[in-house]
Amino acid sequence: MTDTGEMHETYIYKKEGEKVSESYIRNFERKEKFQFPGQFADFYMLHNGGIPKEYIYNDGNRILTVNHFVPFQHGVYEDMAIEEVYHTLLEEEVIPIGYVPFAMEESGDYFVISVKEDEHGCICLWSHETAGMKKVNDSFESFIECLTDQIPHEN
């Protein structure tokens, strides 16, 4: 496990789900035959989804809005859990195997984390309109570090 305290120690949710245990996450991984990056699992054991205070993703190249993080269980409002969203999107053949949705962008697109060996931990944005996938960041930790509550101003 990584030290999640170093990874965005001031991260505060406006509203978040009940805590999720490591065993719950590990059981999901065993069942699906993949493993999440350590930072991802650690983050979810601390926060388990919710509505972030720092909701603007700004990596200097693009600006996106994180509407909410999808919980593993015990959602903050009537929302499907990660497992349900993952299975629903796989069954409907809208996302490829190896990408797990974990957050929703304001337009209804999903942020997904790759559990594929060749791009493990990579964060992509899946478009519900085009069914296309675009890489957003190389890691979950870096994705979280790009979140802010500061709305960028145009010059």
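Cys122 counts as buried, at 4% relative accessibility (buried means under 20% relative accessible area, exposed over 50%, partly exposed in between, with a 1.4 Å probe and protein chains only). Keep in mind that this is a predicted model, where local features need pLDDT of at least 70, side-chain atom pairs count only at pLDDT 80 or more, and totals for chains, interfaces and linings use all residues. Residues are numbered from 1 along each chain as its sequence is written, and side-chain values use heavy atoms, with hydrogens and water left out.

**Cysteines**
- Searching the whole structure turns up zero disulfides (pairs of cysteine sulfur atoms within 2.5 Å).
- For Cys122, which is in no disulfide, the nearest cysteine sulfur belongs to Cys124, 3.9 Å away.
- Cys124 is in no disulfide either, and it is buried, with a relative accessible area of 5%.

**Around Gln35**
- Gln35 sits in the loop between α1 (22–32) and α2 (38–47).
- Setting aside neighbours within four places in sequence, Gln35 touches Glu29, Val115 and His120 (contact means heavy atoms within 4.5 Å).
- Gln35 and Gly121 lie 86 residues apart in sequence, yet their C-alpha atoms are 9.7 Å apart in space.

**The whole chain**
- You'll find four helices and nine strands here (DSSP runs numbered from the N terminus: H or I of at least four residues for helices, E of at least two for strands).
- From the N terminus, the order is β-α-α-β-β-β-α-β-β-β-β-α-β.
- Of the chain's 155 residues, 49% count as buried.
- Among contacts with a separation of 6 or more, 56% come from residues 24 or more positions apart.
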